[in-house]
Amino acid sequence: MCGIVGYVGRRNARDVIIHGLEILEYRGYDSAGLAITEGGRISVVKKTGYVARLAKATERMGGGCGIGHTRWATHGAPSEINCHPHTAGKFTVVHNGIIENFAVIKRRLESKGRKFLSETDTEVAACLMDDLYKGDPTEALAAAMKKLKGAFAFAVLCADCPGEIFLMKRHSPLVVGLGDGECFAASDCSAFCGYTDTAVFMKDGEIGVMGEGVFTLYDGNLVKKTVRTEKIGGGAPCGQPAEDFMKKEIFETPAALRDTVNAVFGDDSLKKRIIDIFSKNDKVVMTGCGTAYNACLMGKSLFERVLRVPVEAEFASEFRYKNPIVDDKTVVVAVSQSGETADTLAAVRLAKSLGADVVALTNAGRSAITREADLTLLTAAGPERAVAATKSYSAQAAAFLCVATVLSYDMKTVEKIREEICCLPSLASKALASAGEVKALAALYGKKRSVFFIGRGPDYALAVESSLKLKEVSYVHSEGFAAGELKHGTLALIDRDALVIAIVTQRHTAEKTLSALYEVKARGGKIMIVTPFDDLIAENRFDAVIKTPPSSGLTAPVTAMIPLQLFAYYMSKERGINPDKPRNLAKSVTVE
Ligand code: M6R
């Protein structure tokens, strides 16, 4: 995790860096720092907390060359001392990733008399570079790269080379932007796409040197490489919304669904490639982390129902270490909003090494996962800045439904499902109309200590995702599980303080789920139902009701997620939490 930015050129480097760090804050926001070279001197400023604090503290800084960092702590608490940049001798360094052998290297350097100020692995890397330095920083970086284990993207200043930034990458992302007489570097090109549309996506093992409008690329043995540029979408990224990104993004779900559905159904060559890749394999595995994994649970449910083929859903973090039963007749669908989650990327690489075909379902067209995949399916959800995934989850669920229909042989049924899928955007708009009622319910239940979500089939997938959403933005303890499992243990936790929310979008299991809910009521717990079914609501036995738009059993779960995301959002606001930046989390988890 963490975001890094670098700039060399005629602009004020501090301004470019702060702008980039604000955009990359989704990658970590427990502290931020920058280093600027001016008049041959490197000045470093670090602040705990959001980038806004760093921006205030550096308002008067000048200079045209510098590096910056926004941190998600791995080694050492989020203190000013541990905040990047770290300086050792002539080297000032920002880093994204984890140096796995930092303790061994640190001991070796300490035995040579080196002293360390912080608890970080990054300071050790800076010190190693300085220790290996014999007058050429690129040689020091190349030598350091041979000794470092783990994942890293580094941007480095050397006191002997003002006006230059040295870059080095393995596993963590690093992109260089080329402008007229200026160069940018960042963990993600969104940090500089407002300035240039020409980028170089650095590969693992590469070392780069940026000067004013000059970029040189080397392999790990310092053999010069050809610089291959790509065009990226230019233009200024979206500004801060009137309220919160999370709310803004939930309200963008109708557009995300419309554009994702059109992207699949409107592209005949993509449909052909989907059919080719799935039909030559015997087994389907879906994998991802967090919300993306929960989307796999939904995908599994939808695929099995439409296609009647078994699907496995696996946490990518488990898949990568379990010696998975995957071979050259398996298609692995890797789901990731960011396309750069370390565990998902590792699962993709493992699947490929075992001969599987990989389909990436991602919201980031130029991400690491797309570079490894045999086929990329893009969710056209647009940028998602809030830590909590919302519209991207809905788009992933819609994409799974579209792919299932593309693969189905049952043409009669498919036509009907396709019509329903095309109604998803308008159903989502109707679901958003419940925002006022959901807000009132959050006000009513804002002080609850425990909230349980239950459901069956696709509603179980929704229960798990609703629970994750609530936990991450409101810090309320929550569990999501299969409705029938309540009586097998968790019922012991139910008392007057508990709230149990049943998600009921499937007619054939509705009564069964309600039985579980009434067992809760009998034990004093509060019960809420989220459903499109008027006859169930008319039973009038619930403490609270959220009515979702009526539609088929295949599309109803996709839109039922919207009020549940809104519930998490309003619970967060009710409890005085910033839903966009919940504690301890980051949007993009690029470390293990
Ligand atoms: O970018 P990815 O979809 O690969 O991210 C995976 C998870 O880290 C992510 O979904 C996380 O669980 C979200 N914060 C949930 O809202």
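**View A. Asn584 lies in the segment after helix H20.** The model shown is predicted, so local features need pLDDT of at least 70 and side-chain atom pairs count only at pLDDT 80 or more, whereas totals for chains, interfaces and linings use all residues. Residues are numbered from 1 along each chain as its sequence is written, and side-chain values use heavy atoms, with hydrogens and water left out. Helices (H or I, at least four residues) and strands (E, at least two) are DSSP runs, numbered from the N terminus. Phi of Asn584 is near 70°, a positive value in a residue other than glycine. With a relative accessible area of 62%, Asn584 is exposed; buried means under 20% relative accessible area, exposed over 50%, and partly exposed in between (1.4 Å probe, protein chains only).

**View B. Asn323 lies in the loop between helix H10 (316-319) and strand E18 (330-336).** Asn323 is a residue other than glycine with a positive phi, near 55°. Its relative accessibility is 66%, so Asn323 counts as exposed.

**View C. An open sheet of five strands has parallel pairing.** The strand order is E22-E21-E23-E24-E25. Strands E22 (477-482) and E25 (544-547) stand at the edges with a single partner strand each, so one side of each has no neighbour in the sheet. On average, neighbouring strands of this sheet are turned by 15° against each other, direction ignored. Two strands pair if DSSP finds at least two bridges between them. Strand E21 (residues 450-455) and E22 pair over six bridges, and Phe452 stands opposite Glu479 in E22. E23 and E24 are joined by five bridges, with Met528 in E24 as the bridge partner of Ile501. Four bridges link E24 and E25, where Val530 stands opposite Ile546 in E25.

**View D. Helices H17 and H20 lie across strands of the five-stranded sheet.** Helix H17 (residues 458-474) lies across E21, E22 and strand E23 (498-503), running at about 170° to E22. Helix H20 (residues 556-574) lies across E21, E23, strand E24 (526-531) and E25, at about 160° to E23. Axes are lines fitted to C-alpha atoms, for helices over the stretch in contact (heavy atoms within 4.5 Å), and angles run from 0 to 180 degrees between N-to-C directions. Five of the six residues of E24 are buried, so this strand is largely enclosed by the rest of the structure. E23, helix H18 (residues 510-521) and E24 make a right-handed β-α-β unit: with the strands pointing away from the viewer, the path from the first strand over the helix to the second runs clockwise.

**View E. Glu123 is found in helix H4.** Glu123 is buried yet has no salt bridge, defined as a side-chain nitrogen of Lys or Arg within 4 Å of a carboxyl oxygen of Asp or Glu. The nearest side chain of opposite charge, Lys106, is 6.1 Å away; Lys and Arg count as positive and Asp and Glu as negative, while His and the chain ends are not counted. Not counting residues up to four places away in sequence, Glu123 touches His86, Lys115, Phe116, Leu117 and Ser118.

**View F. Helix H5 (residues 137-147) has several buried residues, among them Leu141 and Met145.** The buried residues of H5 pack against elements including helix H4 (121-132), strand E6 (91-99) and strand E7 (150-158).
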